[in-house]
Amino acid sequence: MCSRLAPFGTTIFAEMSALALATGSVNLGQGFPEGPGPELLRRVAVQAIEEGDNQYPPGAGVKQLLEAVSAHQAAEYGLGYDPATEVLVTAGATEAIAAAVLGLCEPGDDVLMLEPSYDSYGAVVAMAGANRVPVRLEHQGGRWVLTPGALERAVTDRSRLLLLNTPHNPTGKVLSDRELAEVADVCRRHDLIAVTDEVYEHLVFNGHRHRPLATLEGMRERTVCISSAGKSFSVTGWKVGWACAPSDLLGGVRAAKQFLTYVTPAPMQRAAAAALMATHELVPPLLAELEANRDLLAEGLAGVGLPVRGAEGTYFLTVDISAVTDLDAGTFCRQLPHRCGVVAVPCSVFYQDPEAGRHLVRFAFCKSRASIEQAVERLGRLEGGW
């Protein structure tokens with residue numbers, strides 16, 4: 001293994017999912033739903049396979065999906081993108097993020113990102129030979145916040161790109177209009193490219209709303225917007241994502257992407273296109289189920305002394321375990337399956353300095369109602385202390 005990747009080891013999600021299987025635990029670690037996904041998507045994908053659409057599709061993506069992404073961005077956010085030159089299909093959002101960093105950064109550039117941050121961010125920055133610069137979210141007054149001036153203070157003369165994730169994994173935070181306005185101001189004044197991970201764009205609760213950074217003044221021309229079908233439509237294993245950007249920026253993303261996976265399976269692209277066109281039919285039932293699961297799990301965790309730190313969107317909520325144990329998050333999560341048959345993920349892996357997330361643990365609530373109920377019952381074994 002090269003020295004750049006040696007610090008990252010095996011992803012925590014593979015480790016914890018393997019532990020769930022080995023112990024027969026409820027897997028609230030890795031963020032994937034347990035159902036088969038909407039019937040519409042499955043039907044369109046099967047039809048495409050039966051029709052013989054099983055060879056290489058165009059490198060940029062199939063026409064149906066490129067046009068559906070363009071139409072979705074216009075209808076939802078008023079953002080216009082030419083499907084022929086400003087939209088690119090990728091193997092999930094993870095590849096789109098990797099291709100953006102690899103295609104738009106030079107070795108030695110600084111890449112800013114909110115922390116805690118999804119684990120692939122740091123790894124792909126290392127692959128690019130760039131420098132990871134964390135901008136830490138703080139927990140204040142029951143909410144995660146991007147404190148005023150925090151992003152500005154992280155900027156240097158080497159700063160090239162900002163990786164912005166909202167709705168945010170692992171905290172569940174949705175950036176406010178004030179926070180987005182500050183981000184946009186910093187990007188404009190320091191000539192930063194913004195790469196926005198918006199995979200949870202439709203999964204927001206309690207009246208919160210997702211607002212793409214690209215909709216703010218002067219930001220469309222410097223932003224690569226990234227999303228995917230996996231989270232919005234509960235088909236995480238399909239790995240169908242996309243990036244939208246002005247053609248000059250997208251050219252860099254495309255240059256890297258073509259030498260990663262080259263293409264994404266055509267049948268799944270056709271199905272994702274159908275799903276995007278039916279967003280307002282498919283998403284509301286999923287959102288209602290997720291919100292009910294979130295509330296049940298949050299209540300169960302609070303009942304055993306693990307108060308939830310906000311959950312405005314996404315598949316996840318975080319808890320502070322310091323009230324029930326002095327263990328670090330990694331040890332806690334590795335013991336939890338043996339203690340009560342539930343798997344979670346330590347948030348320490350989402351920090352450059354693991355000590356910063358020492359007492360934070362992430363639970364996923366994107367499972368079946370039966371699994372959430374079973375997990376809550378099992379977590380009840382923690383009542384009275386660790």
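This is a predicted model: local features need pLDDT of at least 70, side-chain atom pairs count only at pLDDT 80 or more; totals for chains, interfaces and linings use all residues.
## Helix H10 and its two partners

Helix H10 spans residues 266-277 and packs against helix H3, residues 63-77. The axes lie 8 Å apart, at an angle of about 25°. Angles under 35 degrees count as roughly parallel, so H3 and H10 are roughly parallel to each other. The crossing of H3 with H10 is left-handed. From H3, the contact draws on Gln64, Leu65, Ala68, Val69 and His72. H10 supplies Gln269, Arg270, Ala272, Ala273, Leu276 and Met277. By class, the contact of H3 with H10 holds 7 nonpolar, 3 polar and 1 charged residues.

H10 also meets helix H2, residues 39-50. Here the axes come within 8 Å and cross at roughly 145°. The crossing of H2 with H10 is right-handed. Leu40, Leu41, Val44, Ala45, Ala48 and Ile49 make the contact from H2. Their counterparts in H10 are Pro267, Arg270, Ala271, Ala274 and Ala275. This contact of H2 with H10 has 10 nonpolar residues, no polar ones and 1 charged. Arg270 of H10 takes part in the contact with H3 and in the contact with H2.

## Helices H1 and H12

Helix H1 covers residues 12-23, and helix H12 covers residues 329-340. Their axes come within 10 Å and cross at roughly 15°. That angle makes H1 roughly parallel to H12. The crossing of H1 and H12 is right-handed.

On the H1 side, the contact residues are Ile12, Glu15, Met16, Leu19 and Thr23. They meet Cys333, Arg334, Pro337 and His338 of H12. By class, the contact of H1 with H12 comprises 5 nonpolar, 2 polar and 2 charged residues.

Strand S3 runs over residues 110-115 and is mostly covered, with 6 of its 6 residues buried. Both faces of S3 are covered. Asp110, Leu112 and Leu114 are buried on one side. Val111, Met113 and Glu115 are buried on the other.

S3 pairs with strand S4, residues 131-136. The two strands run parallel and are joined by 6 bridges. Glu115 has Arg136 of S4 as its bridge partner. Glu115 is also joined to Pro116 by a cis peptide bond, with omega about 10°. Pro116 itself lies in the loop between S3 and helix H5, residues 119-127.

## The S11-S14-S13 sheet

Three strands form an open sheet in the order S11-S14-S13. The pairing is antiparallel. Strand S11 (316-320) and strand S13 (345-346) stand at the edges. Each edge strand has a single partner strand, so one side of each is left without a neighbour in the sheet.

S11 pairs with strand S14, residues 360-364, in the antiparallel sense over 5 bridges. Within this pairing, Val319 stands opposite Val361 of S14. Helix H11, residues 279-303, packs on the sheet and touches S11 and S14. The direction of H11 makes about 10° with that of S11.

The peptide bond from Thr166 to Pro167 is cis, with omega near -10°. Pro167 sits in a loop. That loop runs between strand S7, residues 159-165, and helix H7, residues 177-189.

Asn206 is not a glycine, yet its phi is positive, at about 55°. The residue is found in the loop between strand S8 (193-197) and strand S9 (223-228). Exposed means over 50% relative accessible area. Asn206 has 52% relative accessibility and therefore counts as exposed.

Ser234 also has a positive phi, near 60°, and is a residue other than glycine. Its loop lies between helix H8 (229-232) and strand S10 (241-244). The cut-off for buried is under 20%. Ser234 has a relative accessible area of 15%, so it is buried.

How values were computed: Residues are numbered from 1 along each chain as its sequence is written. Side-chain values use heavy atoms; hydrogens and water are left out. Axes are lines fitted to C-alpha atoms, for helices over the stretch in contact, and angles run from 0 to 180 degrees between N-to-C directions. Helices (H or I, at least four residues) and strands (E, at least two) are DSSP runs, numbered from the N terminus. Angles under 35 degrees count as roughly parallel, over 145 as roughly antiparallel, 65 to 115 as roughly perpendicular and the rest as oblique. A crossing is left-handed if the near helix is turned anticlockwise from the far one by less than a right angle, and right-handed if clockwise. Contact means heavy atoms within 4.5 Å. Ala, Val, Leu, Ile, Met, Phe, Trp, Tyr, Cys and Pro count as nonpolar, Asp, Glu, Lys and Arg as charged, and the others, Gly among them, as polar. Buried means under 20% relative accessible area, exposed over 50%, partly exposed in between (1.4 Å probe, protein chains only). Two strands pair if DSSP finds at least two bridges between them.
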